[in-house]
Amino acid sequence: MVIIASNFKTNHTRASTKEFISFVNEYLNNEKDVEVMVFPTATSLDNYKINSNLTIGAQNAYCVNSGSFTGEIGTQQLDEFGIKTILIGHSERRHILGESQEEIAKKYAFYKELGYKIVYCIGEPLEVKEQGLEATLEYIYEQFVGIDTTYADLVLAYEPVWAIGTGVTATNEDIKSVHSAIKSKINKPLLYGGSVKVDNVAQICSLDGVDGALIGTASWVKEDFVQILKNIKGL
Ligand code: PGA
């Protein structure tokens with residue numbers, strides 16, 4: 001089954017998130033062939049009424065139940081809304097917020113232990129891509145240090161940093177070569193992310209080794225997101 005995930009990043013309010021979720025839930029009521037995840041901001045997590053293949057996840061949380069970690073949320077806050085899905089290792093957390101591989105691995109182990117579904121992101125910056133496939137894969141494999149890739153509820157997302165939010169999608173060849181290399185080592189669903197759009201989502205999701213897409217910018221308008229879901233119908 002194709003997996004499509006929407007990463008809201010720092011977008012949408014509580015009100016617009018609610019509208020988005022009920023709009024998507026309604027569409028998915030009659031659409032069983034796709035698994036959809038939406039990652040709203042922490043302030044927009046809530047007890048949404050969902051009766052479809054739609055799961056709400058957290059973009060980030062600290063590896064703690066509760067405590068003194070100013071600005072963070074833990075599982076006490078996630079449990080309030082029954083959140084059991086989390087995004088870990090997103091490039092913006094690695095490169096803008098400065099999360100180290102060690103911190104990411106600690107977070108991964110914590111949420112794995114609690115049985116969360118984990119969407120784990122990997123991807124190389126432009127200067128690494130420019131050194132070729134071997135360097136790219138070497139960089140990506142470093143992002144698996146400390147990560148138990150045999151974990152049952154793991155979904156991977158390959159998101160080249162240079163393609164995220166830039167409008168520059170990786171080429172089919174880039175996607176295929178990285179995906180097949182990762183897939184030869186790790187037998188888990190593998191999403192592609194990085195400037196996936198309404199118009200290219202079907203073509204990307206039909207590539208060998210691509211099990212779905214993690215989408216930022218193009219997913220934030222609810223009608224566009226539902227169009228994305230319509231476009232991958234039947235894959
Ligand atoms: P983008 O973001 O679709 O805006 O490139 C993807 C992501 O960061 O998950």
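By class, how many nonpolar, polar and charged residues does the shell around the ligand have? Keep in mind on this tour that you are looking at a predicted model.

**Stop 1: the ligand**

Select the ligand and show the residues around it. The shell has seven polar residues, four nonpolar ones and two charged ones. In total, 13 residues surround the ligand, and K9, H90, E159, G165 and T217 are the closest.

Now show side chains and look at three of these in turn. Start with T217: an N or O atom in its side chain is 2.5 Å from an oxygen atom of the ligand. Go on to H90, where a side-chain N or O atom is 2.7 Å from a ligand oxygen. Then pick E159, which has a polar side-chain atom 2.7 Å from an oxygen atom of the ligand.

**Stop 2: aromatic rings**

Hide the surface and select the aromatic side chains. A search of the whole structure finds nine aromatic pairs. One of them joins F8 and F20, edge-to-face, with 4.8 Å between the ring centres and 85° between the planes. F8 sits in the loop between β1 (2-7) and α1 (14-28), while F20 belongs to helix α1, so this pair ties together parts that are twelve residues apart in sequence.

**Stop 3: the cysteines**

How many disulfides does the count come to? The count is zero. A disulfide is a covalent bond between the sulfur atoms of two cysteines. To be counted here, the two sulfurs must lie within 2.5 Å.

Try the distance tool on C63: the closest cysteine sulfur is that of C121, 17 Å away, which is too far for a bond. For C205, the closest cysteine sulfur is also in C121, at 15 Å, and that too is too far for a bond. C63 is buried, with a relative accessible area of 16%, and C205 is buried at 6%.

Stay with C121 for a moment. C121 lies in strand β5, residues 117-122, and is buried at 1% relative accessibility.

**Stop 4: two backbone angles**

To finish, look at phi angles. Where is H12 found? H12 lies in the loop between β1 and α1. Its phi is positive, about 80°, although H12 is not a glycine. H12 is partly exposed, with a relative accessible area of 27%.

Then move to S195, in the loop between β7 (190-193) and α8 (201-205). S195 has a positive phi near 55°, and S195 is a residue other than glycine. S195 is buried, with a relative accessible area of 12%.

Key:
Residues are numbered from 1 along each chain as its sequence is written. This is a predicted model: local features need pLDDT of at least 70, side-chain atom pairs count only at pLDDT 80 or more; totals for chains, interfaces and linings use all residues. Side-chain values use heavy atoms; hydrogens and water are left out. Buried means under 20% relative accessible area, exposed over 50%, partly exposed in between (1.4 Å probe, protein chains only). A residue is near a molecule or strand if one of its heavy atoms lies within 4 Å of it. A polar contact is a pair of N or O atoms within 3.5 Å; within protein, one must be able to donate a hydrogen and the other to accept it, and residues adjacent in sequence count only if both atoms are side-chain atoms. Ala, Val, Leu, Ile, Met, Phe, Trp, Tyr, Cys and Pro count as nonpolar, Asp, Glu, Lys and Arg as charged, and the others, Gly among them, as polar. Rings of Phe, Tyr and Trp (its six-membered ring) pair if their centres lie within 6.5 Å; planes under 30 degrees apart count as stacked, over 60 as edge-to-face and the rest as tilted. Helices (H or I, at least four residues) and strands (E, at least two) are DSSP runs, numbered from the N terminus.
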